[in-house]
Amino acid sequence: MSVVTRFAPSPTGYLHIGGARTALFNWLYARHHRGRYLLRIEDTDRARSTEAAIAAIFDGLSWLGLLGDEPAVFQSSAQARHAEVVEQMLAAGHAYRCYSTPDELAAMRAEAIAAKRTRLYDGRWRERDPAEAPAGVAPAIRLKAPLAGETVIADLVQGEVKIANSQLDDMVLLRADGTPTYMLSVVVDDHDMGVTHVIRGDDHLVNAARQTQIYQALGWTVPAFAHIPLIHGPDGAKLSKRHGALGVDAYRTMGFLPEALVNYLLRLGWSHGDDEVISRAQAVEWFDLAAVGKGAARFDLARLTHLNAQYLRQRPAAELALLIEPWLAAQGITLDAAGRARLVQAMPGLKPRAATLVELAEGASLYVAARPLTLSAKASALLDGAARARLAALVPALQAVTEWTEAELEACMRHEAERQGVKLGQLAQPLRAALTGRDASPGIFEVMAVLGPEESLGRLQDVLSQANAAAQQSG
RNA sequence: GUCCCCAUCGUCUAGCGGUCAGGACAUCACCCUUUCAAGGUGAAGACACGGGUUCGAUCCCCGUUGGGGACGCCA
């Protein structure tokens, strides 16, 4: 039997980071077993579903490369089928009409809580004669669940889980308005879509027992279940808004690469020995449910950041130059062909100094900033009178460099430092400040080589002439 | 209140009866060095607790504690 998995998000705003991991595990499991991976939008609750939310989910999945193998199924389109299945159950005596109103049920629940009793539905209409039905009340249809015994879930991650049937009440299958509930829809849809493995969050573990009862009432084969642990925030509590980024898109805007996020999510709860950086192809080959951990894991941004740095370095320079353009644009920097070429050339020196695209763009901006540069406070501090004098003396030497390469520039600078009787750093640091406007940058010879003689000397002159102007003004 | 799940360094984890309890991130130190990174070397750092089972428990069983989840005519 060929494996069929599915990811079934409800469209409530964005693709949650936990949902992304569920999707990933489903995708990997299907790929590993050469099966199919499907998508189903659980939009049964029409009021809470919006086009924008659905688009956001597809967008997130697309970015991560986790779109379904076939067009997504919309649960709301199968309502007639759901109602038909409930009719069958009614006819077979596996379901019954319940005339209790929502108000009545709420009162029943409140009473149970006050009396510290179980809050399960008490089955008051289970055996009652429908003739006693109150006039004008549309009934909900409930499952006639087994009273005694237990329901067993053979979970691929959690192991065998047994739940006493006394703990499971007669759940609603069809609402009074004729719409199906989630519990019924999932079962029917998973069955109709031929889903063989249901891989989802831990919070559905008890639901698996309820759904098993529905499968059994229908005489359908129960799929294999795998309930993966939830992701917690850094403080150990459930991941929530106050932890910052929740949606996958937020990580995208923080400058993370999709392959890094995927690798991070994969290792969160799943492991393969001591392997940390795992390619997509390798993950497909290695992935299995048995290696999924049982405990909830905390989200660790530092770890994601480190992984991102690794993947950043694997990307070709040209790709990275393209990827950072949006962040550059946000700084008001638009690139021409020469600027792009300069960034590509600068990438090898920029890469190891950045962990995210945001940092990479920040580092890259020095190469494409417009003259004259705005100096940072620390850069200005480096350019005191003595430093400026050293730089002024350096200018003729630089102008004499015939081959503007890293090696030639270094030779020139070392020679000049010796001539001036200073350490290389005393020359290099002020030069860095003048050429980059900052106190930290890639190697200064590399910076000069990428900038070219014209831009380098130009930036240097900017600083020197500003100093002259300032001196004339005060003097 | 009832039921279910979980438990190894700060964090993610390896371990599947006998290990100096391994790796990674983070932290600290040193090296490299024109700055900042990167890189290299090293350090510190964990089996929640109590009972069993066993010649021997991180590992198997029970309990305690702690954490999480579920108990809707939400999904």
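**The surface around the RNA**

Reply: Of the 64 residues around RNA strand B, those that come nearest are Ser-100, Arg-175, Lys-238, Pro-352 and Arg-432. Please keep in mind that this is a predicted model.

Me: Which element of the fold gives the largest share of the surface near RNA strand B?

Reply: That is helix H18, spanning residues 424–436, which supplies five residues. By residue class, the surface near RNA strand B divides into 23 charged, 22 nonpolar and 19 polar residues.

Me: Of the atoms of RNA strand B within 4 Å of the protein, what percentage belongs to sugar or phosphate?

Reply: Sugar or phosphate accounts for 65% of those atoms, and bases for the rest. For the bases, a side-chain N or O atom of Arg-432 is 2.2 Å from a base oxygen of RNA strand B.

Me: Turning to another arginine, does Arg-210 count as buried or exposed?

Reply: A residue is called buried when its relative accessible area is under 20%. Arg-210 counts as buried because its relative accessibility is 14%. Arg-210 is found in helix H6, residues 205–218, and, leaving aside residues up to four places away in sequence, touches Leu-168, Asp-169, Met-171 and Met-183.

Terms used: Residues numbered from 1 in each chain as written. Chains lettered and ligands numbered in written order. Predicted model: local features only at pLDDT ≥ 70, side-chain atom pairs only at ≥ 80, totals over all residues. Heavy atoms only, no water. Near = heavy atom within 4 Å. Polar contact = N/O pair within 3.5 Å; in protein donor to acceptor, adjacent residues only side chain to side chain. Helix = DSSP H or I, 4+ residues; strand = E, 2+ residues; numbered from the N terminus. Nonpolar A, V, L, I, M, F, W, Y, C, P; charged D, E, K, R; others polar. Buried < 20%, exposed > 50% of the residue type's maximum accessible area, 1.4 Å probe, protein only. Contact = heavy atoms within 4.5 Å.
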